[in-house]
Amino acid sequence: MKSDHIKKIGDSLFEISRCFKQGMRVPARIYATDELFQNLDDAVFDQITNVAMLPGIEKYAICMPDGHSGYGFPIGGVAAIDPENGVISPGGIGFDINCGIRLIRTSITLDEIKSELKNIIDRLFIYVPSGIGAKGELKLSNSKLDEAIIKGARWAVENGYGCNEDLEYIEEGGFIDDAKPSSVSNKARDRGRCQIGTLGAGNHFLEIQVVKKENIFDKKIARELGIFLDNQILISVHCGSRGFGHQIASDYLKLFLSVMQDRYR
């Protein structure tokens, strides 16, 4: 498909105009360097083509440089939809609650830990449970789980799993007002009560990363963020609310789908 249906139209811009007779309403555009483009997984091209078929889509289906396969849209997929004549896609890319990435800066360089890398990785596997069905050390009662739902990251800090400074770098200080634990199903509770402190599976990751000076494109901003050493070690974590958030989203998506066609057309 890459050669048959995609053409390069700029330095870092590729376009799929995959025979509009196949159902594409608009072209699909992919923003990527040649190297990134060649390493995109094949599902990205089918998924962004499918996005271009959605009723009401405006101008282009777009895939950003972080593109990789999602549920329906590719991760990194963007679409603007006409609110009068278009669709609502509540789980286009996928669905979770509070999925995100955190970067942890250290003052350590690669030379200082190179000989210990295997031990460090082994210890990370021990202390950070990962994979489908992974369970953490905590198993919360319903009342404790309610407390964690309401307080969010503040609950973690109050229970010794972080420090107050962490909350300064989290949107809304780590929790949002008006959380209602009563709206969470028993199935979601059962899936989530053992998952606090786990990494999960899929595209979740925990990486030891190395800064290369030649890859710091704005030295002033990087220095303000404390990133200025060549071979500086950073830790990058991508995680979400695991089966807990996924089940909440699944529960309400079923409710959503039950009324969208009959009541809202």
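## Sequence separation of contacts

In this predicted model, 63% of the contacts in the protein chain between residues at least 6 apart in sequence join residues at least 24 apart. The chain comprises 265 residues, of which 31% count as buried.

## Overall dimensions, surface and charge

Eleven helices and eight strands make up the secondary structure of the protein chain. Taken along the principal axes, the box filled by the C-alpha atoms is roughly 60 × 50 × 30 Å.

The protein chain exposes about 17000 Å², and 53% of this area is supplied by carbon and sulfur atoms. Its charged side chains number 32 positive and 36 negative, with the centres of the two sets 4 Å apart.

## Strands β1, β2 and β3

Strand β2, residues 13-16, pairs with both β1 and β3. With β1 (residues 6-10) the pairing is antiparallel and extends over four bridges; within it, Lys8 stands opposite Phe14 of β2. Two residues lie between β1 and β2, and the two strands form a hairpin. The pairing of β2 with β3 (residues 28-31) is likewise antiparallel and has four bridges. Here Leu13 has Tyr31 of β3 as its bridge partner.

In a regular strand, side chains alternate between the two faces of the sheet. In β2, Leu13 and Glu15 lie on one side, whereas Phe14 and Ile16 lie on the other.

## Nonpolar cores

The largest nonpolar core contains 19 residues. Those touching the most other members are Ile16, Ile30, Phe37, Phe45, Ile48 and Ala61. At least two residues of this core come from each of β2, β3, α3 (43-51) and β4 (57-68). Helix α3 provides the largest share, with four residues. Another core, of five residues, lies apart from the largest one; among its members are Ile216, Ala222, Ile227 and Leu234.

## Thr49 in helix α3

Helix α3 also holds Thr49. Is this residue buried or exposed? Thr49 is buried, because its relative accessible area is 1%, which falls under the 20% limit. Ser250 is 201 residues away from Thr49 along the chain, and the C-alpha atoms of the two are separated by 25 Å.

## Ser236 in strand β8

Ser236 belongs to strand β8, residues 232-239. With a relative accessible area of 6%, Ser236 is therefore buried, the cut-off being under 20%.

Which residues are in contact with Ser236, leaving aside its neighbours within four places in sequence? One group consists of Ile101, Arg102 and Leu103.

## Ala156 in helix α7

Ala156 is located in helix α7, which covers residues 153-158. Its relative accessibility is 21%, so Ala156 counts as partly exposed; this class lies between the limits of 20% and 50%.

Not counting residues up to four places away in sequence, Ala156 touches Tyr161 and Gly162. Gly174 is 18 residues from Ala156 in sequence, and the C-alpha to C-alpha distance between Ala156 and Gly174 is 9.5 Å.

Conventions. Residues numbered from 1 in each chain as written. Predicted model: local features only at pLDDT ≥ 70, side-chain atom pairs only at ≥ 80, totals over all residues. Heavy atoms only, no water. Buried < 20%, exposed > 50% of the residue type's maximum accessible area, 1.4 Å probe, protein only. Pairing = 2+ DSSP bridges. Core = buried A, V, L, I, M, F, W, Y, C linked by side-chain atoms within 4.5 Å. Contact = heavy atoms within 4.5 Å. Areas by Shrake-Rupley, 256 points an atom, 1.4 Å probe, with all protein chains shown as cover. Lys, Arg positive; Asp, Glu negative; His and termini not counted. Charge placed at Lys NZ, Arg CZ, Asp CG, Glu CD.
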